[in-house]
Amino acid sequence: MIRGIILYYLNIKPTHGYEIQQFIQLSGIDQWTKIQSGSIYYALGKLEKEKNIVVLREERTGSRVRKIFQITAQGRETLYEEMQQELAAPLFQIGSSKFITSPILATLSEADTEKIIRHHIKELQDTLAYWRMWGDKKSAEDQHNLTNLSFQMSIDSLNQQIAWHEELLAHLDYYQKEAAAMGHMISSFDADSMKELEVSSGKEEQLKLLNDLKNVVADDPQKALENINALIKQIKSQS
């Protein structure tokens, strides 16, 4: 998913790897996907070699040089393909990158999103029916409870996956608005401005900040930058 997140971010605006890294950490995406900082720069290098992104320019700050990347037409096609694959992929109860729905919903068309979700729900339902049938047969043969517990855990997981996708489908408009808010927030995000706040803030404060940012963007996306700057100014005055 790291490739998809990078392409999603660069599809909103050109930027450097440090900003993407800071946004991933601030938003908590790294907690869901277990993304390491080094993997971001490795993925950027690979995406550049594949011609999915190119260096737009270089910015020098003292002795530090930052490469500003932008997405290519090929990169947009790759982004769409990867988000289709991600939406159709199975969910894992721990560390599933698919829990980060905004990049997926902001990239895919509504028609493709609905089609993929409905198809995946049908696959999950078919798999669930098979596991229930096989579980009933094996449990009857097992004198102890371990086999039954093993099947039940798998069945519970499938039920939860079905429920997750049904919720996404039932309230797709709401989650698409969340995805749009995420995009507005990225377009206004400045890693250098946020760095000062990170120094004086713990994880809990950072998560609260993210939630506040999300709320001000969702309330009025057209005034996202104005609202975010006002919020940052307020937080700085309290520190």
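User: Which helix holds tyrosine 130?
Analyst: This is a predicted model, in which local features need pLDDT of at least 70, side-chain atom pairs count only at pLDDT 80 or more, and totals for chains, interfaces and linings use all residues. Residues are numbered from 1 along each chain as its sequence is written, and side-chain values use heavy atoms, with hydrogens and water left out. Helices (H or I, at least four residues) and strands (E, at least two) are DSSP runs, numbered from the N terminus. Tyrosine 130 is found in helix 7.

User: Is tyrosine 130 buried, partly exposed or exposed?
Analyst: Buried means under 20% relative accessible area, exposed means over 50%, and partly exposed lies in between (1.4 Å probe, protein chains only). Tyrosine 130 has a relative accessible area of 45%, so the residue counts as partly exposed.

User: How far apart in space are tyrosine 130 and isoleucine 155?
Analyst: In sequence, tyrosine 130 and isoleucine 155 are 25 residues apart. In space, the C-alpha to C-alpha distance is 9.8 Å.

User: What accessible area does the nonpolar patch with Tyr130 have?
Analyst: Patches take residues with over 30% relative accessible area and no salt bridge; like charges are joined within 9 Å, nonpolar side chains (Val, Leu, Ile, Met, Phe, Trp, Tyr) within 5 Å. Tryptophan 134 lies in helix 7 and is partly exposed at 33%. Areas come from the Shrake-Rupley method with a 1.4 Å probe; for residues, only the protein chains shown count as cover. Together, Tyr130, Met133 and Trp134 have about 310 Å².

User: How many salt bridges does a search of the whole structure find?
Analyst: Side chains of opposite charge can pair when their charged atoms come close. A salt bridge is a side-chain nitrogen of Lys or Arg within 4 Å of a carboxyl oxygen of Asp or Glu. By that rule, the search finds five.

User: What separates aspartate 126 and lysine 122 in helix 7?
Analyst: These two form a salt bridge, with the closest N and O atoms 2.9 Å apart. Aspartate 126 is partly exposed at 41%, and lysine 122 is partly exposed at 45%. They sit four residues apart in helix 7 (residues 110-141), so the separation is about one helical turn.

User: Which residue forms a salt bridge with glutamate 59?
Analyst: Glutamate 59 is partly exposed, with a relative accessible area of 31%. The closest N and O atoms of the pair are 3.1 Å apart. The partner is arginine 57.

User: How many residues apart are arginine 3 and glutamate 50?
Analyst: Their side chains meet in a salt bridge (3.1 Å, N to O). The pair links distant parts of the chain: arginine 3 is in helix 1 (residues 2-12), and glutamate 50 is in the loop between helix 4 (37-49) and strand 1 (53-61). The separation is 47 residues.

User: Which element gives the most to the lining of the largest cavity?
Analyst: The top contributor, with three residues, is helix 1.
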